[in-house]
Amino acid sequence: MSAPPPHRLILGIETSCDETAAAVVEDGRYLRSNVIASQFHLHAQYGGVVPEVAARHHLEVILAVVDAALAEAGAGWRDLGGVAVTAGPGLAGALLVGVNTAKALAYAHGLPLLGVNHLEAHLYANWLEVAGREYRVPELPALGLIVSGGHTDLILMRGHGDYRRLGRTRDDAAGEAFDKVGRLLGLGFPGGPAIERTARDAPAKRALRLPRAWLKGSDDFSFSGLKTAVLHVVRGERGAAPPVPEIAASFQQSIIDVLTRKAVDAALREGARSMLLSGGVAANAALRELLIERSPLPVHAPPPVLCTDNGAMIAACAHYRFDALVAGWDLDPQPGMKMVAEVHS
Ligand code: KG4
Ligand code: ZN
């Protein structure tokens, strides 16, 4: 019998924003453990992530999180085939903690170090197997809709490591819009889950008319006009402000209407065979349902805990892209790291 490939078990470490996370993934597919220490309670009082606070907290908990991930997986260092870490994009100080920790651990244990792009990893959350769900490998080419706190990207994934960016936001990211509107509505931070919860209380018939930026002829997005429109409504500039649930529901509907229509149009035009929903905003149930309803192609969407930041997606990405991602000991955090080379016309 031939020996299994050397990288069957990969430890994935993620510290690009406000979750300190580590996971052990087998064969890029089986979740042996997935430990996530969220810091949102530390940042809630400021209404957003404070980079310095995030970095300091990552430093305090990272080793305990890694230990917990190995213990839960029932794995020791000698069982691992590599240590993968988010190299970017993200907050510089936060990334530095993850990258230096991964470097030190990989070096000390004689393991390969893998530097992973956080956005690419969000797509790979769709390659993880989930208990209770039938496992389906996404068919390529796939249309990836990455919707997170910092990014809104439409990516055509033609193969592993082979991406073309079709569109992106021209101003606010979808998650950023959720967070800003959450703050405007007094719903706290992060705004996405709070808006989703609040929107469920809105009577369906009382929707407000809010703008949708279609940007016809382009796969780009724009959400800043929508945010401003909500501000005007909240200030009661069109008469008395309607109740918060109605505003939350109408705002959410406007965002998911645009995201799903543009993603489906691009997927069909480009001949994609499946859709990959990913990033923190993909945790939104209304978005998931509408995309499934509108897409004639199979829709892959990770369970909510694998949509928001986690170490498992980092390990899965490293498994599929192992040779390309092996890094030297000079790996540095890259806060502005690109997933696809910029094309300037
Ligand atoms: O991917 P992620 O965890 O971190 C980044 O890479 O940015 O995404 C975080 C974003 C936040 O803006 C948060 O408000 C949003 O994802 N989010 C949601 C939901 N859960 C998280 N947005 C809408 N509905 C949700 N249920
Ligand atoms: Zn993310």
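## Zinc, a ligand and some backbone details

With a relative accessibility of 23%, Asp-27 counts as partly exposed, because buried means under 20% relative accessible area, exposed means over 50% and partly exposed covers what is in between (1.4 Å probe, protein chains only). This is a predicted model, in which local features need pLDDT of at least 70 and side-chain atom pairs count only at pLDDT 80 or more, whereas totals for chains, interfaces and linings use all residues. Residues are numbered from 1 along each chain as its sequence is written, chains are lettered from A and ligands numbered from 1 in the order in which they are written, and side-chain values use heavy atoms, without hydrogens and water.

Let's stay with the backbone for a moment. Asp-27 sits in the loop between β2 (19-26) and β3 (30-38); helices (H or I, at least four residues) and strands (E, at least two) are DSSP runs, numbered from the N terminus. The phi of Asp-27 is near 55°, a positive value in a residue other than glycine. Leu-215 also has a positive phi, near 45°, and lies in the loop between α6 and α7. At 24% relative accessibility, Leu-215 is partly exposed. Most residues other than glycine have a negative phi, and most peptide bonds are trans. Here, a cis bond runs from Gly-88 to Pro-89, with omega near -10°, and Pro-89 is in the loop between β4 (82-88) and α3 (92-108). Phe-189 and Pro-190 are likewise joined by a cis peptide bond, with omega about -5°; Pro-190 belongs to the loop between α5 and α6.

Now to the metal. His-118 (NE2), His-122 (NE2) and Asp-309 (OD) coordinate the zinc ion (ligand 2) at 2.0 to 2.1 Å. Donors are N, O and S atoms within 2.8 Å of the metal (3.2 Å for Na, K and Ca), and water is not among the atoms, so sites may look incomplete. Along the chain, the spacing of the zinc donors reads H-x3-H-x186-D. Distant parts of the chain are linked in this way: His-118 is in helix α4 (residues 118-124), while Asp-309 is in the loop between α10 (304-307) and α11 (312-320), 191 residues apart. His-118 and Asp-309 are both buried. Helix α11 is mostly covered, with eight of its nine residues buried, among them Met-313, Ile-314 and Cys-317.

| Residue and atom | Ligand 1 atom | Distance |
|---|---|---|
| His-118, side-chain N or O | oxygen | 3.1 Å |
| Val-281, backbone N or O | oxygen | 3.5 Å |
| Asn-284, polar side-chain atom | nitrogen | 3.0 Å |

Of the 560 Å² of accessible area that ligand 1 has on its own, the protein covers 89% (Shrake-Rupley method, 1.4 Å probe; for residues, only the protein chains shown count as cover).

A polar side-chain atom of Asp-220 lies 3.0 Å from the backbone nitrogen of Arg-168. Ala-207 lies in the loop between α6 and α7 and is exposed, with a relative accessible area of 58%.

Terms used:
Polar contact = N/O pair within 3.5 Å; in protein donor to acceptor, adjacent residues only side chain to side chain.
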